[in-house]
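Please find below a note on the contacts within and between the chains of this model.

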Amino acid sequence: MSAFLKGMRHGIPIALGYLSVSFGFGILAAKHFGALVATIISMTNLTSAGQLAGVNIMAEGNTAISGYLEMALTQLIINMRYGLMGISLSQKLDSTFNTPRRLVASFGITDEIFAVASSQPGKITANYMYGMILIAFLGWTSGTFLGAVAGEILPPSVTDAMGLALYGMFLAIIIPPARKSRGVLVVVAAAAGCSLIFKFLLPFVTSGFAVIICAIAAAALGAWLFPVKEENA
Amino acid sequence: MNTMSIVIYIAVMAGVTYLIRMLPFTLFRKEIKSQFFRSFLYYVPYAVLSAMTIPSIFYATGNMVTAVIGTAVAVALAFFRQPLIVVALAASAAALLADVVMGYL
């Protein structure tokens, strides 16, 4: 089987997961900006947490430079993990994976694609990554579009409930490792506590900056109190 | 918001996100040595997701009662390591069910 087809096959479960989660994103984003904008955001970003934070910032309606700066900083912090994943993945690339191919494939580095690609035995090729990225991309964008369109048809009780899907996925990502690792547990609790303080005691700080400040503070606290051993970091 | 601002916002969002993915993947050939920095990067996703979820999840349905019920279901399923898609859909289903039931009370 060609590497491209193999990548597509490995990407099917990722695409199915994306389809349902991006459906929720489509509903949320389309409420503010319509189906076209929601779909374009998913086509150009291919990331859940960053897009949700991004739409929340846009919904605040700030058209001054400070709003764009908040957007840039928020994406930098939320998506910083992709940088580390890129560094890790760059050690596994086969020798034909040249710079132009890296420029293309880097667009598709997500948590799930990174997890599947890095668990492959041996080196990985550009075609393998292209196949996986293509099918994940199709799942993510079509789910967004369907959610955005359905959001205009479905009763509000259904679309309101779908708003929980993305957050439910986030809980499913953070809770299992928090059970296993005291460091993750402390980081998760510290970030949640910090976020509550901003919401109720410092409501004049916008949501994007509150997430940045809390994420940096909680991750630094974790790194200081519970440094991670080499093989996990 | 006007169309121009929406275009700028999306360009900033997509541009920054692409550069974060592209630059290390394309340019980086060495490993990060600092244990503090490696640990910091390891914890960042958990910190981000936690700060984004709490307290926003309680406002996600527009009704705090259904949101809390959906959240409780999500926490319980995540605690028992159910797949992401199961947790995500069950949270929504529980909130919807709670909304329907409350309509009859």
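The points below take the basis of the model, then the domains, then the chain interface.

1. This is a predicted model, in which local features need pLDDT of at least 70, side-chain atom pairs count only at pLDDT 80 or more, and totals for chains, interfaces and linings use all residues. Residues are numbered from 1 along each chain as its sequence is written, chains are lettered from A and ligands numbered from 1 in the order in which they are written, and side-chain values use heavy atoms, with hydrogens and water left out.

2. Chain A is assigned domain 1 (3-173) and domain 2 (181-233); such bounds come from an automatic or database domain assignment. The C-alpha centres of these two domains of chain A are 23 Å apart.

3. Between the domains of chain A, 8 residues of domain 1 are in contact with 8 residues of domain 2 (contact: heavy atoms within 4.5 Å). The two domains bury about 640 Å² between them, with 75% of it on carbon and sulfur atoms (buried area: the accessible area, 1.4 Å probe, that two parts lose on being put together, summed over both). On the domain 1 side, Glu60(A), Glu70(A) and Ile77(A) lose the most area to domain 2 of chain A, together 59% of what that side buries.

4. The count of salt bridges between domain 1 and domain 2 of chain A is 0 (a side-chain nitrogen of Lys or Arg within 4 Å of a carboxyl oxygen of Asp or Glu). Helix H2 (48-59) and helix H3 (65-78) of chain A each supply at least two residues of the domain 1 side that touches domain 2 (helices are DSSP runs of H or I, at least four residues, numbered from the N terminus). The largest share of that side, 5 residues, comes from H3(A).

5. At the chain interface, 101 residues of chain A are in contact with 68 residues of chain B. The area buried between chain A and chain B is about 7,600 Å², and carbon and sulfur atoms give 75% of this area. Within chain A, Tyr68(A), Leu164(A) and Arg179(A) lose the most area to chain B, yet together they account for 9% of what that side buries.

6. What is the count of salt bridges between chain A and chain B? The count is 0 salt bridges between chain A and chain B. Helix H9 (residues 164-180) of chain A gives the most to the side of chain A that touches chain B, with 15 residues.
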